[in-house]
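Welcome! Let us walk through this model together, one piece at a time.

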Amino acid sequence: MCMIFNHKKGSDPMLKIFTTQLMGKFKHIQDNHEMVIEDISRLLAQTITGGGTVYFQGQNELQGVALEAIDGADRLPSCAILEPETELTDRDTVIMFGKYDDDESFAKLATIYKETGASVIGVAATRKDQAQALRDSVHFYINTGLTSGLVPDEDGERIGHPSLLVSLFVYHAIYLTTKEILDEHGVEL
């Protein structure tokens, strides 16, 4: 049996809501974390020019950010994906992308990385009335603000949870600012 579904072109309210809400998340990150992004970018510039490595770690689907940072068109020098056997030093920086701030096991990894002397950056969503485990375990933290889906469906459930998209926005904000700092100091990429 073949079913035919009709859909009016250009009349998708869910897509419009998703786009509006997603742009709001991007704006929230830009407005509330501009100074932190600049501090993180200065740290990355120091890591890159000081002979260290910037390691990326993404939890679950957020491994996509690490892949983008290493294999994408916009990548910085001296970057790698953090592997279990990596031996961190005090010249290194680790950027951890997680879904939620209250993930105790992810926060414990941040503490282990800090104990090596490496600088540690956390990116995740902070949920109301939940522990801020990752935030409390890193040197710098960016709250993505993405605690649920962006679009209500017909049953009132919220769908469209673009954690990877929002994390990629954070990565590109850091990348662009770091590149600008390196360019100002005559460091070629």
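## Before we start

A residue is called buried when its relative accessible area is under 20%, exposed when it is over 50%, and partly exposed in between, using a 1.4 Å probe and protein chains only. Phe26, with a relative accessible area of 16%, is therefore buried.

Please keep in mind that this is a predicted model: local features need pLDDT of at least 70, side-chain atom pairs count only at pLDDT 80 or more, and totals for chains, interfaces and linings use all residues. Residues are numbered from 1 along each chain as its sequence is written, and side-chain values use heavy atoms, with hydrogens and water left out.

Helices (H or I, at least four residues) and strands (E, at least two) are DSSP runs, numbered from the N terminus.

Let us begin with strand 3. Seven of its eight residues are buried, so strand 3 is largely enclosed by the rest of the structure.

Two strands pair if DSSP finds at least two bridges between them. Strand 3 pairs with strand 1 in the parallel sense over five bridges, and with strand 4, also in the parallel sense, over six bridges. Met96 is a handy residue to look at: Met96 in strand 3 is the bridge partner of Gln57, and Met96 also stands opposite Gly122 in strand 4. From strand 3 the chain passes through helix 3 to strand 4, making a right-handed β-α-β crossover. Right-handed means that, with the strands pointing away from the viewer, the path from the first strand over the helix to the second runs clockwise.

Helix 3 covers residues 104–115, twelve in number, and reaches 17 Å from its first C-alpha to its last, close to the 16 Å expected at 1.5 Å a residue. That expected span is 1.5 Å times one less than the number of residues.

Which residues of helix 3 are buried? They are Phe106, Ala107, Ala110 and Tyr113. Seen down the axis of helix 3, these buried residues fall within an arc of 110 degrees, so they line one face of the helix. The arc is that of the directions from the helix axis to the C-beta atoms.

The buried residues of helix 3 pack against strand 1, strand 3 and strand 4, where contact means heavy atoms within 4.5 Å. Just after helix 3 comes Gly117, with a positive phi of about 95 degrees.

Helix 4 (residues 163–184) has 22 residues and spans 32 Å from first C-alpha to last, close to the expected 32 Å. Its buried residues include Val166, Val170, Tyr171 and Tyr175. The elements that the buried residues of helix 4 pack against include helix 1 (13–49) and helix 2 (63–71).

Rings of Phe, Tyr and Trp (its six-membered ring) pair if their centres lie within 6.5 Å; planes under 30 degrees apart count as stacked, over 60 as edge-to-face and the rest as tilted. The whole structure holds three aromatic pairs. In one of them, the rings of Phe26 and Phe169 have centres 4.3 Å apart and planes at 10 degrees, so this pair is stacked. Phe26 belongs to helix 1 and Phe169 to helix 4, 143 residues apart. Phe169 is partly exposed, at 25% relative accessibility. Ring pairs also link Phe56, Tyr171 and Tyr175 into a cluster.
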